[in-house]
Amino acid sequence: MSEEIKVQSSSGNVFTDLGLANSDELLIKAELVRQISNLIDAKRLTQTEAAKILGIDQPKVSTLLNGKLSGFSTDRLFKFLNALGSDVEIRVIPKLKLESQAQTRVITV
């Protein structure tokens, strides 16, 4: 006996797929935290060292790196990226195709 597995296509935003409010904001925060985590790893920083650079305590670094995003605004995450030596650029681009929905995304270089 084998049961049929139901598959659903993703919208491209896991937070939307889960039905969470503010899904675009959550996706942006998650991408920003991923970049922060990558920078901490690339610099081989401990959480204590990262905390000093970011101006927060080590438990908050742990919270952040474990994906608990509610206590961190996007502005604060931008400042963390700056403190870790990265520029943050925000671009607004007009949508060319009227039939498609405009998107919010984080693009890394």
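Me: Among contacts in the protein chain between residues at least 6 apart in sequence, what share joins residues at least 24 apart?

Reply: This is a predicted model. In the protein chain, 51% of the contacts between residues at least 6 apart in sequence join residues at least 24 apart. A contact here requires heavy atoms within 4.5 Å.

Me: What makes up the secondary structure of the protein chain?

Reply: The protein chain has five helices and zero strands. Along the sequence, this gives the pattern α-α-α-α-α.

Me: Why is the protein chain called more spread out than a compact globule?

Reply: The globule rule gives 13 Å for 109 residues, whereas the radius of gyration of the protein chain is 17 Å; this is well over the rule, so the chain is more spread out than a compact globule. Taken along the principal axes, the box filled by the C-alpha atoms is roughly 50 × 50 × 25 Å.

Me: How much of the protein chain counts as buried, and what is its accessible surface?

Reply: Of the 109 residues, 22% count as buried. The accessible surface comes to about 8600 Å², and carbon and sulfur atoms account for 51% of that surface.

Me: Why is Gln35 called buried?

Reply: Buried means under 20% relative accessible area. Gln35 has 18% relative accessibility, and therefore it counts as buried. Gln35 is found in helix H2, residues 23-42. Leaving out residues up to four places away in sequence, Gln35 touches Leu81 and Thr108.

Me: What makes Ser37 partly exposed?

Reply: The relative accessible area of Ser37 is 23%, so Ser37 is partly exposed. Ser37 also belongs to helix H2. Its C-alpha atom is separated by 9.8 Å from that of Ala50, 13 residues apart along the chain.

Me: How do you know whether Ser23 is buried or exposed?

Reply: The relative accessible area of Ser23 is 14%, which falls under 20%, so Ser23 is buried. Ser23 has its place in helix H2. Apart from neighbours within four places in sequence, Ser23 is in contact with Asn13, Phe15 and Thr16.

Me: Why is Asn22 called exposed?

Reply: Exposed means over 50% relative accessible area. Asn22 is at 55%, and therefore it counts as exposed. Asn22 is found in the loop between helix H1 (14-17) and H2. Its phi is near 55°, a positive value in a residue other than glycine.

Me: What makes Arg44 exposed, and where is its place?

Reply: The relative accessible area of Arg44 is 75%, which is over 50%, so Arg44 is exposed. Its place is in the loop between H2 and helix H3 (47-54). Arg44 is not a glycine, yet it has a positive phi of about 55°.

Me: How many aromatic pairs are counted, and why is the pair of Phe72 and Phe80 given its name?

Reply: The count comes to one aromatic pair. The rings of Phe72 and Phe80 have their centres 6.1 Å apart, within the 6.5 Å limit, and their planes stand at 65°, over 60 degrees, so the pair is edge-to-face. Both Phe72 and Phe80 are buried.

Me: How far apart are the mean positions of the positive and negative charges of the protein chain?

Reply: The protein chain has 14 positive and 13 negative charges, and their mean positions are 5 Å apart.

Conventions: Residues numbered from 1 in each chain as written. Predicted model: local features only at pLDDT ≥ 70, side-chain atom pairs only at ≥ 80, totals over all residues. Heavy atoms only, no water. Helix = DSSP H or I, 4+ residues; strand = E, 2+ residues; numbered from the N terminus. Rg over C-alpha atoms; globule rule 2.2 N^0.38 Å. Buried < 20%, exposed > 50% of the residue type's maximum accessible area, 1.4 Å probe, protein only. Areas by Shrake-Rupley, 256 points an atom, 1.4 Å probe, with all protein chains shown as cover. Lys, Arg positive; Asp, Glu negative; His and termini not counted. Charge placed at Lys NZ, Arg CZ, Asp CG, Glu CD. Phe/Tyr/Trp six-rings, centres within 6.5 Å; stacked < 30°, edge-to-face > 60°.
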